[in-house]
Protein chains: 2
Amino acid sequence: MLSKSQVKYIQSLGQKKRRDEEDVFIAEGPKLVSELLQEKNVVIKEIFAVKEWINANKGSLSKAIVTEITDSELEKISLLTSPHLVLAVVEKIKWQNSYKLNGTISLALDTIQDPGNFGTIIRIADWFGINQVFCNNHSADVYNPKSVQASMGSIARVRLEYVELVDWLKENKGIRTYAATLDGRDITKMEKLNEGIIIIGNEARGIQEDILRSANVKITIPKKGRTESLNAAVATGIILSHLI
Amino acid sequence: MLSKSQVKYIQSLGQKKRRDEEDVFIAEGPKLVSELLQEKNVVIKEIFAVKEWINANKGSLSKAIVTEITDSELEKISLLTSPHLVLAVVEKIKWQNSYKLNGTISLALDTIQDPGNFGTIIRIADWFGINQVFCNNHSADVYNPKSVQASMGSIARVRLEYVELVDWLKENKGIRTYAATLDGRDITKMEKLNEGIIIIGNEARGIQEDILRSANVKITIPKKGRTESLNAAVATGIILSHLI
């Protein structure tokens, strides 16, 4: 049984300001919540789930406060259009140690604004074994419910850092940077990378001028047809599949 | 100035049933509408736009009925969360001639249900020069506003056919089929294709059993990290970038 204040609290977490104040985010659906339950660096504070889900997952819920709810209560608190069995309130991910750019490949995102794209890119990074992504402060919020759902459990495996991207790239100019553009080197003909920062631009405007100018190598996905561009997440997937 | 019945008419086109009855769809935003205006096989019936857009595009509007509207009227009729300058009512695309499977590469989509993914896949096909995509009848509607926006102008360049996919594949079994799975041949080590049908499965369930069993080759994107799967559109982009 849900109280009115619980409903209000959960619904309020759809807003970034409230997520920041509470230092938590919402994750929904059996697949995502099960993945998060298995990650050591994830603290699930509260779980709201239907009986069926609770019974099936009893063994793995030791630390979270679990509240049994009905389907219609789930509909009330869900931020999704099709709520499904379980909703969890999760502490924002804490990362041990600092990141490392030497000898690794990192992604840098210049103002990816669509939360779905943003989460999808985190998931792609995870697929290709990239475990750190940097993005500038005007990017989407990774804890936006749409980012969280699109990233699936990868949100807990890929470290995301918000930085002032122009300054951050200057500070790290010892590391080679590869900027995704429409007029660079053909990625299908390049050698695999062992180290570097791959920069992906905004969905509509691409990479900003001052970042582009300082990049070491411009890279491009060769085109055969007529469409002008590819979705930013799709482009990221294609680039990583050729360079990693 | 918009009449009440115009507002009602346009809003109703958010529903598939009404789009089918009227044989039209909605396209929004200056980039998409400009692309469609340039395609010979596209008939734009009506354009609702703010003054600024009409003045800038006067030369190319000969056949469409153009109605000047205000920003707040545009907000009323728009199906997007951020309406932008122009909305067009467009006749569903008519394709001349029949499709051709010999000597070409085609995509077959097994129940892609998210309209955004669906439109993104059409755009990816266009990028890689694929001009025919087949999908089963339970797939998303390509004329759903979200598909249209995600596909951009590619909706007018890539022929889409709704078919009973299982039967259709049987009828065309002379053409080699490549099924995207999690346990097939590594696409990064395959030769480029000159002919064939590449099958992409549903976002959650993958390709259905009876299609999978009859596919000639199972193909896979090699994974380095821990996430279970990739978004269907991202996977399509990666596969095409390696095999075409």
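**Exercise 1.** Determine how strand 6 and strand 7 of chain B run, and how many bridges join them.

*Solution.* Start with the direction: strand 6 (residues 132–136) and strand 7 (residues 159–163) of chain B are parallel. Five bridges join them. Strands pair if DSSP finds at least two bridges between them. Strands (E, at least two residues) and helices (H or I, at least four) are DSSP runs, numbered from the N terminus. Now find a facing pair: B:Gln132 stands opposite B:Arg159.

The model is predicted: local features need pLDDT of at least 70, side-chain atom pairs count only at pLDDT 80 or more, and totals for chains, interfaces and linings use all residues. Residues are numbered from 1 along each chain as its sequence is written, and chains are lettered from A and ligands numbered from 1 in the order in which they are written.

**Exercise 2.** Give the strand order of the open four-strand sheet in chain B, then find its edges.

*Solution.* The order is 1-4-2-3, with mixed pairing. Strand 1 (24–28) and strand 3 (65–68) of chain B stand at the edges; each has a single partner strand, so one side of each lacks a neighbour in the sheet. Next, take one pair: strand 2 (residues 44–49) and strand 3 of chain B are parallel over four bridges. There, B:Ala49 stands opposite B:Glu68.

**Exercise 3.** State how many residues each chain gives to the contact, and which helix of chain A gives the largest share.

*Solution.* Chain A gives 26 residues and chain B gives 26 residues. Contact means C-beta atoms, placed from the backbone, within 7 Å. On the side of chain A that touches chain B, helix 10 of chain A gives the largest share, six residues.

How values were computed: Contact = placed C-beta atoms within 7 Å.
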